[in-house]
Amino acid sequence: MSRCFCKKNKNIGQSTLEFLLVFSFVLSFLFYFVKITYNATTGFLFHYVNFLGSRAYLVFDSSGPLEQDDTSAENYVREKIINRYPLKQLLFTSESSQGINFKALSPQNSPKFIGTVLSFKQEFSFSKIMGGGLIEYESESFLGREPTRQECLERVCKSMEEIYPGLCASQNLQKFVTFYDNGC
Amino acid sequence: MPLSKVKVKKEKGQTAVEYILLLAVIVVLVQSIYNNQLFKKVFSAESPFFQVFKNQSKINYTHALMPSSSSQGQPHPSYVNEKGQSRFFLPLTPYPGN
């Protein structure tokens, strides 16, 4: 009987290889859902910041000229509310592609939808194979805008002019303002 | 012929060569799968499969509810009710009025 020197293939690495393949698939699947959850959580913070901004936009009154008041309100909200929160650090994208954009819809420009809109771009997934790429989310809050003191003054004055024509032009408007409210 | 003079070919580099060749085959295989249109249809940033999830995620984020397929192209149901009336509180007349 001749002795066989045939080489027997070993299966020792097969389970490791299978484990690595399946593990990488499971990990990518898991992180896909982790990223969706993260997007939702980040989105809620953006919603919250936008809501704060919308509330500030609702009541802001610069006591300045009527034409510039909405612009002043928008700038105030951007500087004091939106920029106050570290929103940029929450996004896994470069600063140039984050696209954090805040805009206020004023009663003059958008009579139906008065409020604030905060939009931002976020990676949908960590991997491009799993549907990655930027997606733009938009948070809206249409709380409206209260009439300003100047606006109310003009309305009160217009009503009084029906009794005393030329009153607004000749008198100082400030004396018609009530102390406790905005005069409306 | 004396046994000591017989040259035996060494097989020392064979596994390395096999490894490199196999690796090349695997790389070509992975490349061809990755660039395959069918694969891209399912697994890519622009795939219709993930596009559906992306759109849903986007609409859900802004409106908190998905519009029905019949109301596509119409104002979103969170803006108008079934009668087409706005859900927002609006002034009846522009302010300040005369």
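# A guided look at chains A and B

Guide: Let's start at one spot in this predicted model: A:Gln122 stands opposite A:Ile135 in β3(A). Along that strand, A:Glu138 has A:Ser119 opposite it.

Visitor: What makes β2(A) and β3(A) a pair, and in which sense do they run?

Guide: Two strands pair if DSSP finds at least two bridges between them. For β2(A) and β3(A) there are 8 bridges, in the antiparallel sense, so by that cut-off they count as paired. In general, strands of a sheet pair through backbone hydrogen bonds, either parallel or antiparallel.

Visitor: What makes a strand of chain A an edge strand, and which strands are they?

Guide: The sheet is open, with 3 strands of chain A in the order β1-β2-β3 and antiparallel pairing. β1 (101–105) and β3 each pair on one side only, which makes them the edge strands. From one strand to the next, the twist averages 20°.

Visitor: Which helix of chain A packs on the sheet, and which strands is it touching?

Guide: That is helix α1 (residues 14–59) of chain A, which touches β1, β2 and β3. The direction of this helix makes about 160° with that of β2(A).

Visitor: Which residues of β3(A) are on the covered face, and which on the uncovered one?

Guide: A:Ile135, A:Tyr137, A:Ser139 and A:Ser141 form the covered face. A:Leu134, A:Glu136, A:Glu138 and A:Glu140 form the uncovered one. The general rule is that side chains in a regular strand alternate between the two faces of the sheet.

Visitor: Which residues does A:Ser127 touch, not counting residues up to four places away in sequence?

Guide: On that basis A:Ser127 touches A:Ser28 and A:Gly132. As for A:Lys35, 92 residues apart along the chain, its C-alpha atom is separated from that of A:Ser127 by 10.0 Å.

Visitor: How do you know that the length of helix α1 (residues 14–34) of chain B agrees with what its residues should span?

Guide: At 1.5 Å a residue, its 21 residues should span 30 Å. The end C-alpha atoms are 30 Å apart, so the two values agree.

Visitor: And what makes α1(B) hardly covered?

Guide: Being buried takes 20 or more other C-beta atoms within 10 Å. Among the 21 residues of α1(B), the count of buried residues is 0, hence the description as hardly covered.

Visitor: How many residues does the contact take from chain A and from chain B?

Guide: Chain A gives 20 residues and chain B gives 18. On the side of chain A that touches chain B, β3 and α4 (149–161) each supply at least two residues, and β3(A) gives the most, with 5 residues. That side divides into 6 nonpolar, 6 polar and 8 charged residues.

Visitor: Which domains does the assignment give for chain A?

Guide: Domain 1 (17–146) and domain 2 (147–184), according to the domain assignment. In chain A, 5 residues of domain 1 are in contact with 5 residues of domain 2. The domain 1 side of this contact has 1 nonpolar, 1 polar and 3 charged residues.

Methods: Residues numbered from 1 in each chain as written. Chains lettered and ligands numbered in written order. Predicted model: local features only at pLDDT ≥ 70, side-chain atom pairs only at ≥ 80, totals over all residues. Helix = DSSP H or I, 4+ residues; strand = E, 2+ residues; numbered from the N terminus. Expected span 1.5 Å × (residues − 1). Buried ≥ 20, exposed ≤ 12 C-beta atoms within 10 Å, placed from the backbone. Contact = placed C-beta atoms within 7 Å. Nonpolar A, V, L, I, M, F, W, Y, C, P; charged D, E, K, R; others polar. Domains from an automatic or database assignment. Axes fitted to C-alpha atoms, helices over the stretch in contact; angles between N-to-C directions.
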